[in-house]
Amino acid sequence: LFNNQRSGWIDHYHRVFFQQSGEPFRWADIDFASIGRGYGCHGIRVTDPGKLGEALAEAMHHEGPAVVDVVTSGEETPIKSYQEAVAMYGPSGRS
């Protein structure tokens, strides 16, 4: 699970296409690994990118379901249209 502490893509699109704050889509620091453990899964939280491979290997070797909570920046997005819009209009969506 890529945990950007918000509904990041919705936030980004809200800012770019509606020129409004994405604030309603930003969450507090939610530990999804702990939530997974509460549901009986093996939970692993990754905050250091260098530990991702180790965490994935641990999850794959675990007997049963696992949640790998990978904490990322709230501004990271693989959505090319958002990256292009930020380059053109800035992160607020306003020109």
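Me: Why is proline 65 called exposed?
Reply: Its relative accessibility is 52%. Exposed means over 50% relative accessible area, buried under 20%, and partly exposed in between, with a 1.4 Å probe and protein chains only. So proline 65 counts as exposed. This is a predicted model, where local features need pLDDT of at least 70, side-chain atom pairs count only at pLDDT 80 or more, and totals for chains, interfaces and linings use all residues. Residues are numbered from 1 along each chain as its sequence is written, and side-chain values use heavy atoms, leaving out hydrogens and water.

Me: Why does asparagine 3 count as buried?
Reply: Asparagine 3 has 2% relative accessibility, so it counts as buried.

Me: What does proline 65 touch, not counting residues up to four places away in sequence?
Reply: Cys41 and His42. Contact means heavy atoms within 4.5 Å. Proline 65 and histidine 42 are 23 residues apart in sequence, yet 6.3 Å apart in space, C-alpha to C-alpha.

Me: Which backbone oxygen lies 2.8 Å from a polar atom of the side chain of asparagine 3?
Reply: That of isoleucine 30.

Me: What is the order of the strands in the open sheet?
Reply: The order is β1-β3-β2, with parallel pairing. β1 and β2 (42–46) stand at the edges with a single partner strand each, so one side of each has no neighbour in the sheet. Strands are DSSP runs of E, at least two residues, and helices are runs of H or I, at least four, numbered from the N terminus.

Me: How many bridges join β1 and β3?
Reply: Two, in the parallel sense. Strands pair if DSSP finds at least two bridges between them. Phenylalanine 2 has valine 70 in β3 as its bridge partner.

Conventions
Polar contact = N/O pair within 3.5 Å; in protein donor to acceptor, adjacent residues only side chain to side chain.
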